[in-house]
Amino acid sequence: MNILVNLAGLALLAFVIYWFWLAKPSHGTKTESGKITIKVANGVYSPAVIEAPAGKPLQLRFLREDPNPCAQKVVFADLDISEDLPVGKTKTIELPGQPAGEYRFTCQMQMYQGTLKFI
Ligand SMILES: [Cu+2]
C-alpha cells in the first residue's frame with residue numbers, strides 16, 4: 001500500500017515538473033531567413049506565433065490542409081491584407097518590411113488566430 005501511495009506521489013511530482021518546467025508555452029517560432037511556412041489545419045495555424053526581424057520583408061507560405069470554409073481566407077486586419085488560401089497548395093504572401101510590433105492574422109471568422117511579432 002505504501003509503495004502504491006509513493007508511486008502515485010512520484011507520478012504526481014513528475015506531472016507537476018512536466019507541467020510547470022517543461023511544457024511552458026513557446027515564445028514563438030523565430031525566422032531569420034525571411035520566409036516561413038504556416039500550416040493551416042485543425043483550427044490552428046502552426047506556428048501560430050512567429051517572430052521576425054522588423055523592417056525586413058517576410059515571405060509567408062500558407063499551406064492550407066483544412067478544407068473547411070472557415071479556413072478559406074487569411075486576414076491581416078492591421079495590414080489591409082485578405083487572401084484566399086487554396087486547399088492543398090501553398091499560397092505565398094509577401095509582406096514588405098514592417099515596423100516593430102505585433103500583427104494579428106486570422107481567418108475571416110477569427111477562429112484561426114495567429115500573431116506576427118516584428119522585433
Ligand atoms: Cu474561420
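Modeller: Buried means under 20% relative accessible area, exposed means over 50%, and partly exposed is what lies in between, computed with a 1.4 Å probe on the protein chains only. This is a predicted model, in which local features need pLDDT of at least 70 and side-chain atom pairs count only at pLDDT 80 or more, whereas totals for chains, interfaces and linings use all residues. Residues are numbered from 1 along each chain as its sequence is written, and side-chain values use heavy atoms, with hydrogens and water left out. Strands (E, at least two residues) and helices (H or I, at least four) are DSSP runs, numbered from the N terminus.

Let me begin with the rings. Rings of Phe, Tyr and Trp (its six-membered ring) pair if their centres lie within 6.5 Å, and planes under 30 degrees apart count as stacked, over 60 as edge-to-face and the rest as tilted. The structure holds seven aromatic pairs. One of these joins Tyr45 and Phe105, whose ring centres are 4.9 Å apart and whose planes stand at 40°, so the pair is tilted. Because Tyr45 lies in strand 3 (residues 44–46) and Phe105 in strand 9, this pair ties together parts that are 60 residues apart in sequence. Tyr45 counts as buried, at 3% relative accessibility, and Phe105 is buried too, with a relative accessible area of 0%. Tyr45 also pairs with Tyr112, the ring centres being 5.1 Å apart and the planes at 45°, so that pair is tilted as well. Here again distant parts of the chain are linked, since Tyr45 sits in strand 3 and Tyr112 in the loop between strand 9 and strand 10, 67 residues apart. Tyr112 is buried, with a relative accessible area of 1%. Ring pairs link Tyr45, Phe62, Phe76, Phe105 and Tyr112 into a cluster.

Thr106 is found in strand 9, and at 6% relative accessibility it counts as buried. Contact means heavy atoms within 4.5 Å; leaving aside its neighbours within four places in sequence, Thr106 is in contact with Tyr45, Lys73, Val74, Val75, Tyr112 and Gln113, and two of the cluster members, Tyr45 and Tyr112, are thus among its contacts.

Turning to the strands, two of them pair if DSSP finds at least two bridges between them. Strand 3, which carries Tyr45, belongs to an open sheet of four strands with the order 3-2-5-8 and mixed pairing. Strand 3 and strand 8 (90–95) stand at the edges with a single partner strand each, so one side of each is left without a neighbour in the sheet. Further in, strand 2 (residues 35–41) and strand 5 pair in the parallel sense over six bridges, and Ile36 stands opposite Leu60 in strand 5. Strand 6 is joined by four bridges to strand 7 (residues 81–84), and the two run antiparallel; the bridge partner of Lys73 in strand 7 is Asp84.

Some backbone details remain. Most residues other than glycine have a negative phi, and most peptide bonds are trans. A cis peptide bond joins Ser46 and Pro47, with omega about 0°, and Pro47 lies in the loop between strand 3 and strand 4 (49–52). Gln110, although not a glycine, has a positive phi of about 65°; Gln110 lies in the loop between strand 9 and strand 10 and is partly exposed, with a relative accessible area of 45%. Asp80 likewise has a positive phi, of about 60°, without being a glycine, and is exposed, with a relative accessible area of 75%.
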